[in-house]
Amino acid sequence: LSDSSLNVDSVPRVRMEVRFRKVRGTVLVAANDQTLELTETAAFSSGEIDGVRAVSDIGAALAREYEIPEEMAIDDTVSLIADLIADDIVELVA
Amino acid sequence: VNTDFTYCGAVLEDLGLMPEGSLSTFVVGSMARGWASPASDIDFVIVTTEEFSDERAFSLDVPLDPPAVPTVAFRHEDRRWELKYWLESQVDQLFDKISWEAFDQDQKVGDRLTEVEVVFLERLVTCLPVRGDDWIQRRRDQLEASAFRSILVMQALTKADEKVETALSQLAGDDPESGVLSARDAFGWAMDALLISHGEYGALVKWRARRFRAAAPKLLSFEEYWSYETMRTYDPSKPGNWIEAVARLCKKVSMEVEI
């Protein structure tokens, strides 16, 4: 599955070769010889990615956690997942 | 369970094994945690300002100055007692190694700590005093403020990542049995990282379930932990499923555990 098939029903999964570290409150992601720093909300959403739940479920969890409108949270989640796919951090399993 | 070991000080004095001017004496290990069996040793640490010397002592090597920890073992009332004599100056050197400055300079500083050094520091957290409570509390506070926990968590997460990569590589290389063994290793390291992050130190596998119950991490219930530990969901016809489940759990731990 490619980035182009990403939608709210897609199921993302963190690629196995990706390494995460939570250093003094900041979540760092290492993939392809680059290290990225995740924002708090991106870190939360990344933590919800389990290879089972759909993008819409992750967005709904984000909405509950930060008390923001669900539609907005799902849109943000789609954008985040697209970025994570582009950085080879996440892949789609469905 | 007896948690009062103050009587041991007089026993050690009678045997000529309590140096004058020692700063602190404490019981460590399974006895101090209340996890001992009838056959368990009783392990002591005695901290001194002068080097301990006795014909009954043998030495444990440490990369410190002086490079040895004198150790004495004997039987008393049907139980083996083991005493380790640490110099205060060696303890100072050890704390220098686990400073935040040392960790910030090299996050792999944990790889240069020896087992003897790590065990000494780990056991400070749960030791029970014979004498010298003030010394213990001061050093515990110092340990809590140091980078020790982060050093060990970082080390365990790195090992877990390495073992996951090995397991997946072996699985991809049509060697699932080796992959399962590597995944078990990865799981052990990930659990160590999780438990250490909750202040539950100790690398011995035999205590992991007790440490898990003591830490009670929110990330994983004891039942889930025990299911992985006993490989309850492992299907011999589909070993890859278990390996991948362990790999996902390790990833989850590395995202949640604070360094």
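**Entry 1: a proline in chain B**

I began with B:P66, which sits in the loop between β3 and β4 of chain B. Helices (H or I, at least four residues) and strands (E, at least two) are DSSP runs, numbered from the N terminus. The model is predicted, so I noted that local features need pLDDT of at least 70, that side-chain atom pairs count only at pLDDT 80 or more, and that totals for chains, interfaces and linings use all residues. Residues are numbered from 1 along each chain as its sequence is written, chains are lettered from A and ligands numbered from 1 in the order in which they are written, and side-chain values use heavy atoms, with hydrogens and water left out.

What kind of peptide bond joins B:D65 and B:P66? I found a cis bond, with omega about -5°. Most residues other than glycine have a negative phi, and most peptide bonds are trans.

**Entry 2: the sheet of chain B**

Next I traced the strands of chain B. Six of them form an open sheet with mixed pairing, in the order β3-β4-β5-β2-β1-β6. Two strands pair if DSSP finds at least two bridges between them. Which strands of chain B stand at the edges? They are β3 (58–61) and β6 (128–131), and each pairs on one side only. Neighbouring strands of this sheet are turned by 30° against each other on average, direction ignored. Axes here are lines fitted to C-alpha atoms, for helices over the stretch in contact, and angles run from 0 to 180 degrees between N-to-C directions.

I then looked at one pairing. Strand β4 (residues 68–76) of chain B runs antiparallel to strand β5 (residues 79–87) of chain B, over six bridges. In this chain, B:F74 has B:W81 in β5(B) as its bridge partner.

Two helices lie across the strands. Helix α6 (residues 133–145) of chain B lies across β1 (24–28), β2 and β6 of chain B, at about 70° to β1(B).

**Entry 3: the sheet of chain A**

I turned to chain A. Three of its strands make an open antiparallel sheet in the order β2-β3-β4. β2 and β4 (34–38) of chain A are at the edges with a single partner strand each, so one side of each has no neighbour in the sheet. β2(A) and β3(A) run antiparallel and are joined by five bridges. I saw A:V23 opposite A:T26 in β3(A).

A:R24 lies in the loop between β2 and β3 (26–31) of chain A. Is the phi of A:R24 positive or negative? I read a positive value, near 45°, in a residue other than glycine.

**Entry 4: where A meets B**

I counted the contact (heavy atoms within 4.5 Å): 16 residues come from chain A and 20 residues from chain B. The two chains bury about 1,600 Å² between them, 51% of it on carbon and sulfur atoms. Buried area is the accessible area (1.4 Å probe) that two parts lose on being put together, summed over both. In chain A, the residues losing the most area to chain B are A:M16, A:R21 and A:K22, together 43% of what that side buries.

How many salt bridges link chain A and chain B? The count is four, with a salt bridge being a side-chain nitrogen of Lys or Arg within 4 Å of a carboxyl oxygen of Asp or Glu. One joins the side chains of A:R24 and B:D104 (2.8 Å, N to O). I also found A:R19 and B:D161 in a salt bridge (3.7 Å, N to O). That pair runs from strand β2 of chain A to helix α7 (residues 148–172) of chain B.
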